[in-house]
Amino acid sequence: MARKPEEQRRADLIAATIREIGATGTLNVTTSQIAKSAGVSPGLAFHYFRDKEGLFLAAMRSILSGYGADVRTALKDTKTPDQRLEAIAYASFGMTSFRREAISAWVNFYALALRSDAARRLLHVYHRRLQSNLVYGLRPKVGERAPDVARRIAGLIDGLYLRYALETKLMPARDLIASDPDGSEGSHHILRAIAAECT
C-alpha cells in the first residue's frame with residue numbers, strides 16, 4: 001500500500017480532530033484517539049502539529065476556511081443588499097458549516113479561545129469578516145445603524161449555533177438532521193431578525 005503524502009496525512013489528522021471533537025462534544029480528546037481515527041501514529045501527529053493545541057488550531061482554521069469559502073460562494077452572484085444578506089444567512093447555517101461535527105467543534109473552539117491567544121485571534125478574524133459582510137449588506141437598508149444591527153445579527157448567529165450544538169448532545173443525530181436538515185430554520189431566524197431591524 002502506497003504511503004500517503006504529507007499533505008494528505010495532515011488533512012486526515014485535521015478531519016479526525018473535527019470528527020472526534022464532534023463525537024465527544026468536548027476538547028477532552030487525546031492525540032492518540034485522533035491519530036488512531038486518522039490511521040496514523042501519535043508520533044506523526046506531534047511531528048506535524050507539535051502538541052494537541054496545535055492540532056486543535058489547525059482544525060479550527062480548517063472550519064473557518066470552509067465557512068469563508070461557503071460565504072464567498074454564496075455571495076458570488078448576489079446583486080442586491082437583500083441577496084447578500086440571504087447569502088450570509090444561508091452560508092452560516094447550510095453548506096459545510098451545518099455538519100453535525102462542525103457544529104460541535106465550532107462551539108468547543110469558543111471554549112479554546114478563552115485560554116488560547118492564538119484561538120482568540122482566529123475567532124477575531126471570523127468576527128471581523130462577518131461584521132464587515134453584514135455591514136456591507138445592511139448599510140443601504142439601515143444607514144448609520146448598520147454596524148450596531150450587524151453586531152446584533154452576528155450575536156444571534158452565534159447564539160443559534162450554540163443552541164444547535166446543545167441539541168447535538170441532547171438528541172440523536174437522525175432527529176437533529178430531521179429537525180433542520182439544511183440549516184434553513186437557522187437561516188430563516190436570521191432573516192426574520194434582519195427584517196425586523198429594517199422596519
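**Close-up 1. Surroundings of Asp12 in the predicted model.** Leaving aside neighbours within four places in sequence, Asp12 is in contact with Lys4 and Ala38, where contact means heavy atoms within 4.5 Å. Asp12 is found in helix H1; helices (H or I, at least four residues) are DSSP runs, as are strands (E, at least two), and they are numbered from the N terminus. With a relative accessible area of 15%, Asp12 is buried. Buried stands for under 20% relative accessible area, exposed for over 50%, and partly exposed for values in between (1.4 Å probe, protein chains only). Residues are numbered from 1 along each chain as its sequence is written, and side-chain values use heavy atoms, with hydrogens and water left out. Because this is a predicted model, local features need pLDDT of at least 70 and side-chain atom pairs count only at pLDDT 80 or more, while totals for chains, interfaces and linings use all residues.

Close-up 2. The structure holds 7 salt bridges, each defined as a side-chain nitrogen of Lys or Arg within 4 Å of a carboxyl oxygen of Asp or Glu. Side chains of opposite charge can pair when their charged atoms come close. Glu6 is partly exposed at a relative accessible area of 42%, and Arg10 is partly exposed at 30%.

**Close-up 3. The salt bridge of Lys141 and Asp82.** The distance between these two side chains is 2.6 Å, N to O. Lys141 belongs to helix H7 (residues 117-142) and Asp82 to helix H5 (residues 81-93), so the pair ties together parts that are 59 residues apart in sequence. Lys141 counts as partly exposed, at 33% relative accessibility; Asp82 is also partly exposed, with a relative accessible area of 40%.

**Close-up 4. The salt bridge of Arg152 and Glu197.** The side chains of Arg152 and Glu197 meet at 2.7 Å, N to O. This pair links distant parts of the chain, with Arg152 in helix H8 (residues 146-170) and Glu197 in helix H10 (residues 184-198), 45 residues apart. Arg152 is partly exposed, with a relative accessible area of 44%. Salt bridges that share partners join Arg145, Arg152 and Glu197 into one network.

**Close-up 5. The largest nonpolar core and Phe109.** This core has 61 residues, and those with the most contacts inside it are Leu13, Phe109, Leu134 and Leu138. Helix H4 (residues 52-75) gives the largest share of the core, 11 residues. A nonpolar core is a set of buried Ala, Val, Leu, Ile, Met, Phe, Trp, Tyr and Cys residues joined through side-chain atoms within 4.5 Å. Beyond its neighbours within four places in sequence, Phe109 is in contact with Ile21, Phe56, Ala59, Met60, Ile63 and Leu123.

**Close-up 6. The lining of the largest pocket.** Of the 14 lining residues, Leu64, Tyr67, Gly68, Arg72 and Arg129 lie nearest the centre of the pocket. The elements that give two or more residues to this lining are H4 and H7, and the largest share, 7 residues, comes from H4.

How values were computed: 1 Å grid on protein atoms, 1.4 Å probe; cavity = no way out; pocket = protein on both sides within 12 Å on 5 of 7 lines; lining within 4 Å.
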